[in-house]
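Please read its numbered points alongside the sequence and the model.

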Amino acid sequence: MTSDPAIPAHDHLRLDADLAELERLTGWLDSFCEKHGVDDAMHYHINVAVEEVVINAIKHGRCHPQAGAIEVNLTLAGDELQIEVFDTGVPFNPLDVPTPELDADIAKRKIGGLGVHLVRSLMDRVEYERLEGRNRFRLTKRISGAKDAG
Amino acid sequence: MQVSRRESGPVTVLELDGRLDSHTSEVLETALSESWARGATRIVLDCERLRYVSSAGLQVLLVAGQLAESKSGRIVFCRLRRNLGEIFEMTKFDAIFSVYASAEEALESF
């Protein structure tokens with residue numbers, strides 16, 4: 001592989017709003033991380049965060065039509081990975097979701113909100129905007145293990 | 001995601017293999033339902049070969065832990081990989097579930 005850290009690496013995937021697409025998303029993320037030498041821990045963080053955002057659109061977005069409703073862009077520039085997820089679902093701002101009560105006893109723990117909490121915890125920056133009828137999430141992660149971006 | 005079950009005295013051990021995500025969490029839900037139906041209330045989840053958990057998986061684990069407690073039972077974990085241990089810390093699952101380094105220690109905790 002030739003490489004030039006000055007040249008950002010970019011990849012793009014379009015998904016249907018269908019749970020069965022998760023496998024394809026995972027395989028694509030695996031390939032990207034492997035190709036660019038992203039270490040296991042960072043790879044794990046990226047995988048969980050992207051899954052949470054995409055699954056939320058699939059399960060709750062009511063995307064119509066489902067075909068091609070979700071678009072994921074990855075851009076690795078130097079040691080910073082930018083993840084952009086667009087979906088055609090109903091407006092949803094994860095930054096409005098309160099942090100779940102994590103200190104409660106097991107009987108009182110709620111199942112909701114864990115996904116958004118993980119995205120916030122695993123990423124260095126999470127931004128949201130509603131753009132031309134789509135949700136746009138921009139997640140940023142510093143990738144200490146990346147060998148290069150080319 | 002594959003789940004294999006074995007019994008060790010009064011304790012049920014479920015060995016988890018693969019990914020526990022939105023697409024596969026049903027497999028664990030089914031295995032747990034079968035365990036409850038058999039009367040199991042003391043369960044060890046052996047995570048040596050569990051390589052991924054997302055919030056969908058965490059939700060299944062939380063509901064299972066709550067159900068076990070309501071039956072005066074308990075679910076404990078062993079052999080969590082580092083990445084999963086980190087997720088447990090971030091979500092404070094390590095405060096509501098006991099995690100052991102080995103299956104033997106997990107079994108002895110009951």
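1. A salt bridge is taken here as a side-chain nitrogen of Lys or Arg within 4 Å of a carboxyl oxygen of Asp or Glu. Over all chains, the structure holds 18 salt bridges. In general, side chains of opposite charge can pair when their charged atoms come close. The model is a predicted one, in which local features need pLDDT of at least 70 and side-chain atom pairs count only at pLDDT 80 or more, whereas totals for chains, interfaces and linings use all residues. Residues are numbered from 1 along each chain as its sequence is written, chains are lettered from A and ligands numbered from 1 in the order in which they are written, and side-chain values use heavy atoms, with hydrogens and water left out.

2. One of the salt bridges joins A:Arg142 to A:Asp79, with 3.6 Å between the closest N and O atoms. This pair links distant parts of the chain, 63 residues apart: A:Arg142 belongs to strand β5 of chain A, and A:Asp79 to the loop between β2 (70-77) and β3 (80-87) of chain A. Helices (H or I, at least four residues) and strands (E, at least two) are DSSP runs, numbered from the N terminus. A:Arg142 counts as partly exposed because its relative accessibility is 46%, and A:Asp79 is likewise partly exposed, at 37%. For these classes, buried means under 20% relative accessible area, exposed means over 50%, and partly exposed lies in between (1.4 Å probe, protein chains only).

3. In chain B, B:Glu34 and B:Arg5 form a salt bridge whose closest N and O atoms are 4.0 Å apart. B:Glu34 lies in helix α1 (residues 25-37) of chain B and B:Arg5 in strand β1 (residues 2-8) of chain B, so the pair ties together parts that are 29 residues apart in sequence. B:Glu34 is partly exposed, with a relative accessible area of 42%, and B:Arg5 is partly exposed at 34%.

4. Elsewhere in chain B, salt bridges that share partners join B:Arg5, B:Glu7, B:Glu34 and B:Arg38 into one network.

5. A:Arg136 lies in strand β5 (residues 134-142) of chain A and counts as buried, at 16% relative accessibility. Its side chain makes a polar contact of 2.7 Å with the side chain of A:Glu84 and another, also given as 2.7 Å, with that of A:Glu129. A polar contact is a pair of N or O atoms within 3.5 Å; within protein, one must be able to donate a hydrogen and the other to accept it, and residues adjacent in sequence count only if both atoms are side-chain atoms. Neighbours within four places in sequence aside, the residues in contact (heavy atoms within 4.5 Å) with A:Arg136 include A:Val85, A:Phe86 and A:Tyr128.

6. Helix α3 of chain A deserves attention. Seven of the nine residues of α3(A) are buried, so it is largely enclosed by the rest of the structure. The buried residues include A:Leu114, A:His117 and A:Leu122. What covers them includes α2, β4 (125-131) and β5 of chain A, together with α2, α3 (82-90) and α4 (93-96) of chain B.

7. A:Ile58 lies in helix α2 of chain A and counts as buried, at 16% relative accessibility. A:Ile58 and A:Asp18 are 40 residues apart along the chain, yet 6.0 Å separates their C-alpha atoms. Beyond its neighbours within four places in sequence, A:Ile58 is in contact with A:Asp16, A:Ala17, A:Asp18, A:Leu19 and A:Ile70.

8. B:Ala103 is placed in helix α5 (residues 103-108) of chain B and, at 8% relative accessibility, counts as buried. With neighbours within four places in sequence left aside, B:Ala103 is in contact with B:Arg6, B:Asp46, B:Cys78 and B:Arg79.
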